[in-house]
Amino acid sequence: MEKGKIMDLEVENPMITGEGLPEEPQEEEILFSCDLCHQEIYEGDSYIYYAGDIFCSSHHLGEHLLNHGLAETRIAKRKVFH
Ligand SMILES: [Zn+2]
């Protein structure tokens, strides 16, 4: 695993039909759901992809990392040298 790289930000490339369809309201299809809050992610939405999991936001990726011990909350303290 690459150190210092904690997440892959991937924006789903919408399927390109190349047919120049006029913009019509279409029924949105749920493609994924957030692994943390299960919010639906529709075609064209951006989402966060990390290690095979999908999240609606980087915030929820952060919570996932904390929940799984992949990241931790620390308290900032000044170093004491004596
Ligand atoms: Zn979420």
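A strand here is a DSSP run of type E with at least two residues, and strands are numbered from the N terminus. By that rule, tyrosine 47 belongs to strand 4, which covers residues 47-50. The model is predicted.

Start with the whole chain. The protein chain holds 5 strands and 1 helix. Read from the N terminus, the order is β-β-β-β-β-α. Buried residues account for 6% of the 82 residues. Now consider contacts between residues with a separation of 6 or more. Of these, 27% link residues 24 or more positions apart.

Next, look at strands 2 and 3. Strand 2 spans residues 30-33, and strand 3 spans residues 40-42. The two run antiparallel and are joined by 3 bridges. Within this pairing, isoleucine 30 sits opposite tyrosine 42 of strand 3. Together the two strands make a hairpin, with 6 residues between them. Histidine 38 lies in that turn. Its phi is positive, at about 65 degrees.

Is tyrosine 47 buried or exposed? The cut-off for a buried residue is 20 or more other C-beta atoms within 10 Å of its own. Tyrosine 47 has 22 C-beta neighbours inside 10 Å, so this residue counts as buried.

Leucine 61 is 14 residues away along the chain. The C-alpha atoms of tyrosine 47 and leucine 61 are separated by 10.0 Å.

Notes. Residues are numbered from 1 along each chain as its sequence is written. This is a predicted model: local features need pLDDT of at least 70, side-chain atom pairs count only at pLDDT 80 or more; totals for chains, interfaces and linings use all residues. Helices (H or I, at least four residues) and strands (E, at least two) are DSSP runs, numbered from the N terminus. A residue is buried if 20 or more other C-beta atoms lie within 10 Å of its own, exposed if 12 or fewer, and partly exposed in between; C-beta atoms are placed from the backbone. Two residues are in contact if their C-beta atoms, placed from the backbone, lie within 7 Å. Two strands pair if DSSP finds at least two bridges between them.
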